[in-house]
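Please keep the sequence and the model side by side while reading.

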Amino acid sequence: MNKQKSQILIVDDDKTHRNMLKTLLNKWGYALAQADDGQTAIDMVTEKAYDLVLMDIKMIKVSGLVALKEIKKINPAIPVIIMTAFSSIDTAVEALKNGAYDYLTKPFDFDKLKITILRSLEHTQLKKENFLLKETLGKNFDCNNIIGKNKKMQKLIQTISQVAKTDATVLINGESGTGKELIAGAIHYNSLRKQGPFIKINCAAITETLLESELFGHEKGAFTGASRSKEGKFQQADKGSILLDEISETSMSMQVKLLRTLQEREVTPVGSEKVIKVDTRIIAATNKNLIDLIASGDFREDLYYRLNVINLGVPPLRQRSGDIQLLSQHFLKVYAKKNNRLIKGFTPKAMEKMAEYHWPGNVRELMNTLERSVILSTGDFLSKDDIQIEIGSPLSEASHEDAGQINLGGKTLYEVEKLAILKMLDKTENNKSKTARQLGISRRTLHLKLKDYGVMP
């Protein structure tokens, strides 16, 4: 922070005291203005935005307490430090209740004065930065940033705009890479909770034991390694929203605990009997068919109905091929700027190649492909050869055949294996556990192969 730019208003009807503070604060590098009365201070704050007000509480005309209330009406964000004699501490405490940042007793400890001013300015700066960050995030998650002219996408965008204004629990369904997190963010940042936190957690990426601690928090000593108490994600998301990504990967015992949280809006940290109320909007996302999981006994029906108040289905990219050009042009601009490349667009053959591809990894795969193409290209336009994907993927052509009936047609073993895996993944609606079982391989092996194919990050 540049102290030279910090404008401090000193308010005190004692001229000697004002001059002393002016000399001291000028020495510390601040720009100063002075007022000899509370009403004068109110008028000055109306005319100009100060970074800090340092105000005496007892003044003959308009007191600091009255001036504080009016100043906070004019500019609620401005920090006010109250100066008071020791005998008036009760009044100073009242000033804190009315929005004062802190109070200092006379005669001053100059070190404490200096530290209090610094902390107050830093606190204000942090609040400004947090506000700007939330504004930026809000713009990134604006509904207008969800690209798509496809009818399904237009309907989805319209529904998001309606749902965001409510506090309803939302379940987002869609294949991996379709943009479920973007949808969840759009719901939060277009809601009445947008000034609150937006907390995300991937339920599939954490073991069951750790997931409970992450979601609900824990007390010190609750388990080995719990050296301190920790707030859970639900508490962190209080007055905001939480995204429970890959909700289908939670165990049955965890589902019981999540159900209680949804019903009662309260959590109990691990190792504690204390019940903590939480005011959190719940958004869940999954790439699996929860109805099928209920039928197989892997997901609780009561939890499903709690989550499925509003259901948003995100169509895969292969069902919105008309949006590929729009998305490609958008990501080209993003990645060209990010990587300092001057690329004007695509050749017709390049766009044709992308339009014919099946995109099993959806928008995420498209993004990865385009960033790689931007980095490795040498011309002003991305050519067909710059787009490193398999042209004319037969997945869409063979979508109604079994994996074992694919015509090998002179393909390499690698290509045959890839085709079989991606086709089975498509057939099982992206259910990786079912795909692995059908193919007779482990889920880990499947993940490694999908990563190799560029389908998973």
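## The end of helix α13

Just after α13, Asn340 has a positive phi of about 55°. Helices here are DSSP runs of H or I with at least four residues, strands are runs of E with at least two, and both are numbered from the N terminus. This is a predicted model, in which local features need pLDDT of at least 70 and side-chain atom pairs count only at pLDDT 80 or more, while totals for chains, interfaces and linings use all residues. Residues are numbered from 1 along each chain as its sequence is written, and side-chain values use heavy atoms, with hydrogens and water left out.

Helix α13 covers residues 324–338, which is 15 residues. From first C-alpha to last it reaches 21 Å, close to the expected 21 Å; the expected span is 1.5 Å times one less than the number of residues.

Which residues of α13 are buried? They are Ile324, Leu327, Ser328, Phe331, Leu332, Tyr335 and Ala336. Down the axis of α13 these buried residues fall within an arc of 150°, so they line one face of the helix; the arc is taken from the directions from the helix axis to the C-beta atoms. An α-helix has 3.6 residues a turn, so residues three or four places apart point the same way. The face turned away from the buried side carries the exposed residues Lys333 and Lys337. Buried means under 20% relative accessible area, exposed over 50%, and partly exposed in between, with a 1.4 Å probe and protein chains only.

## α13 against α15

The buried residues of α13 pack against β13 (345–346), α14 (348–356), α15 (362–376) and β14 (381–382). The axes of α13 and α15 come within 9 Å and cross at roughly 45°. Axes are lines fitted to C-alpha atoms, for helices over the stretch in contact, and angles run from 0 to 180 degrees between N-to-C directions. The two helices, α13 and α15, are therefore oblique to each other (under 35 degrees is roughly parallel, over 145 roughly antiparallel, 65 to 115 roughly perpendicular, the rest oblique).

Among the residues that meet are Leu327 and Phe331 in α13 and Leu366 and Leu370 in α15; contact means heavy atoms within 4.5 Å.

## Ile71 in α3

Ile71 lies in helix α3 (residues 64–74). Is Ile71 buried or exposed? Ile71 is buried, with a relative accessible area of 0%. Leaving out residues up to four places away in sequence, Ile71 touches Ala41, Ile42, Val45, Met55, Ile78 and Val80.
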